[in-house]
Amino acid sequence: MEEKDFKCLRCGAINKYPFEKGVMMERQCPKCGSNSIRLVKEKKTDQAKKEG
Amino acid sequence: MMDVGRHPNINLLTYSEVEKISGYVGNFHALIRRKAKYVNETECTACGDCTEICPVIVPDEFQQGMSSRKAIYIPFPQAVPSSYLIDMTNCLGTNPIACGKCAEKCEKKCIDYDAKDEIIEVDAGIVIVATGMDVFDPTPVDEYGYTNFENVVTSMEFERLISAGGPSDGHFFRPTDRKRPKTVGFIQCVGSRTEKCGNPYCSNICCMNTIKDTLLLKDHYPDIEAKVFYIDIRAFGKGFEDLFNRSKAAGVQYIRGVPGEITENQSTRNLNITVEDTTSNRLEKYEFDMLVLSVGVMPRWDMPQVQQLLTLSKTPDGFFMEAHPKLKPVDAPTTGVYFAGCAEAPKDVKDSVTQASAAAARAETMLSAGEVTLEAITSTIDLETCRFCGMCAKVCPYNAIKVDPKKKTLEYIEALCKGCGTCGAECRFGSITMKHFTDNQIYSQIDAHLTVNPQERTIVFACNWCSYAGADTCGGARLQYPPNQRLIRTMCSGRVDEKWVLYAFRKGAPMVVVSGCHYVDCHYIDANRWTQKRVEKLWDKLEKWGIRPERLLLEWISAAEGKRFQKAMQDIEELRKTVTQEEIEHTMKVLTEEEEKAKAKKK
């Protein structure tokens with residue numbers, strides 16, 4: 001399964017978690033234990049830079 | 001089985017499959033496909049003349065493929081009813097009749113090649129799911145050379161080899177030379193307690209099964225040397241430790257360690273294994289005439305179909321999830337559905353009988369009462385304001401709502417509703433009200449909590465079963481958490497409406513927390529997945545409006561996690577302190593404007 005960056009909204013830690021579009025899964029921050037884990041969305045400019 | 005077959009009040013349908021179940025507790029309606037056996041089971045005397053003359057020979061599944069059966073056969077000797085059936089996939093053909101020898105030979109003329117599958121309709125008040133389990137197949141992962149070395153057999157094959165009713169009539173031999181082995185090794189936890197095979201759970205029955213097998217082996221052939229390689233021996237039941245000690249006293253050697261490498265001696269076909277004995281920390285080598293893989297159990301292959309038929313949920317292991325592991329261990333989350341045996345979790349015969357007895361008693365209690373009392377926390381639907389969008393039906397974990405958007409019809413079976421309230425939270429038109437947890441009741445609670453010094457309050461929506469109980473555990477254990485946090489109880493976190501969260505922010509709350517059960521603990525099958533989806537959408541909306549998403553948190557806290565609740569609340573209080581008065585006022589202003597815009601749009 002693909003891994004993406006997620007940010008913990010409680011402590012701010014960024015970690016990689018498995019991600020599959022449309023699949024819900026429980027995620028927990030290894031640092032503070034929170035479940036407020038939000039997908040870090042790439043900005044359009046970053047995406048364009050990646051694609052060259 | 002015979003007793004069941006003869007019981008006047010039990011209608012036993014063998015060789016049948018449930019195709020559809022509709023309805024609810026007290027009113028289930030099932031469509032069952034009774035497959036054609038091509039033999040009249042009431043007339044058949046099981047004389048065996050037909051099977052003798054049948055020219056088709058295929059591997060016998062009951063004997064693990066170690067002997068053969070005919071195309072017309074009895075699946076296993078104790079089958080009820082004791083009558084033959086024709087395996088049409090292997091029969092030479094009946095249309096046109098290619099052989100017809102069995103029909104010619106049958107004196108009672110029981111064979112009917114034109115028999116067709118029948119669809120039977122059954123009305124039932126209760127459904128008991130006793131669909132059993134499958135045994136782990138070591139072939140795909142080639143565990144311990146099972147596919148390469150003939151003398152490596154599974155515990156199921158061993159059972160048949162040593163059974164008096166088995167392919168060797170109880171004369172135990174090894175497959176390559178059909179000679180009695182002198183040394184037999186047993187390897188435990190094959191396909192259990194391993195992520196490699198995808199089965200991290202303990203299969204529960206294998207340790208005792210191996211202990212029983214070693215005793216059987218020693219009883220029949222005291223000269224055979226038996227060794228068992230294990231991770232742990234789990235002999236936890238009544239009399240089990242005694243059986244384990246008897247096995248050791250009979251000379252069976254137990255070695256703590258799982259073999260890493262297996263090779264075969266080409267000339268003797270013996271098996272050489274290398275194992276690290278973890279009690280002595282030494283690498284040891286052994287040679288065996290035969291190896292037995294103690295295979296674990298797995299959820300049955302057709303569980304997804306059964307799950308869909310009855311709207312059941314599964315644990316991460318793949319077995320069916322009970323309504324509550326301690327308080328309702330035989331109940332399914334759907335009222336009127338009970339579990340018996342390995343459909344719910346791996347278990348031995350004794351535990352299966354115990355659970356089946358409990359399920360029967362639960363069913364009897366409900367049936368004899370003649371009526372079901374529902375909790376008065378179900379949803380009500382206002383069909384006048386409903387737009388028949390179907391979102392409520394999509395999110396209902398119990399399929400209590402059925403919507404046809406084209407015909408603009410809605411069917412709601414209140415008896416199926418468990419009161420999670422997810423439909424109410426998802427309805428955009430305010431057509432669904434959950435009794436005792438109405439929007440107005442929640443707004444009143446938010447208003448009351450934010451009347452004095454709202455900038456110091458955190459609104460915490462907590463689900464009844466886990467988070468609210470977790471807060472109770474926290475309090476009961478005298479664990480201190482900040483007193484300015486205000487809990488609002490809902491039955492499920494799925495009930496927490498986006499409107500409530502925004503209302504709290506609009507009224508000046510610096511922080512809002514939505515809290516519920518961990519995924520595996522959700523008391524409403526999967527309702528809390530919708531909570532997460534809703535919160536994730538809200539984070540995006542808040543960010544779009546220039547409000548920090550960090551002010552809305554999502555926390556899964558179980559009833560036992562008092563300490564976790566305390567830690568979460570302490571951390572959240574620190575975050576609350578970072579929310580400035582300007583930020584709160586900005587939020588209130590933005591959200592009020594957004595609400596006005598939405599109102600204007602509606603008009």
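Colleague: Is helix H16 of chain B buried or in the open?

Modeller: Count its buried residues. Of the 22 residues of H16(B), one is buried, so the helix lies largely in the open. Keep in mind that this is a predicted model.

Colleague: What span should the 22 residues of helix H16 of chain B have?

Modeller: Take 1.5 Å a residue. Helix H16 (residues 581-602) of chain B should then span 32 Å, and its end C-alpha atoms are 32 Å apart, which agrees.

Colleague: How many bridges pair S2 and S7 of chain B?

Modeller: Seven bridges, in the antiparallel sense, join S2 (residues 28-34) and S7(B). B:Arg33 stands opposite B:Ile119 in S7(B).

Colleague: Where is B:Arg489?

Modeller: Look in strand S25 (residues 485-490) of chain B. B:Arg489 has 17 C-beta neighbours inside 10 Å, so it counts as partly exposed. Leaving out residues up to four places away in sequence, B:Arg489 touches B:Ala462, B:Asn464 and B:Tyr468. Its C-alpha atom is separated by 9.9 Å from that of B:Gln445, 44 residues apart along the chain.

Colleague: How many residues does the contact take from chain A and from chain B?

Modeller: Count each side separately. Chain A gives ten residues and chain B gives 17 residues. The chain A side divides into three nonpolar, four polar and three charged residues.

Note on methods. Residues numbered from 1 in each chain as written. Chains lettered and ligands numbered in written order. Predicted model: local features only at pLDDT ≥ 70, side-chain atom pairs only at ≥ 80, totals over all residues. Helix = DSSP H or I, 4+ residues; strand = E, 2+ residues; numbered from the N terminus. Buried ≥ 20, exposed ≤ 12 C-beta atoms within 10 Å, placed from the backbone. Contact = placed C-beta atoms within 7 Å. Nonpolar A, V, L, I, M, F, W, Y, C, P; charged D, E, K, R; others polar. Expected span 1.5 Å × (residues − 1). Pairing = 2+ DSSP bridges.
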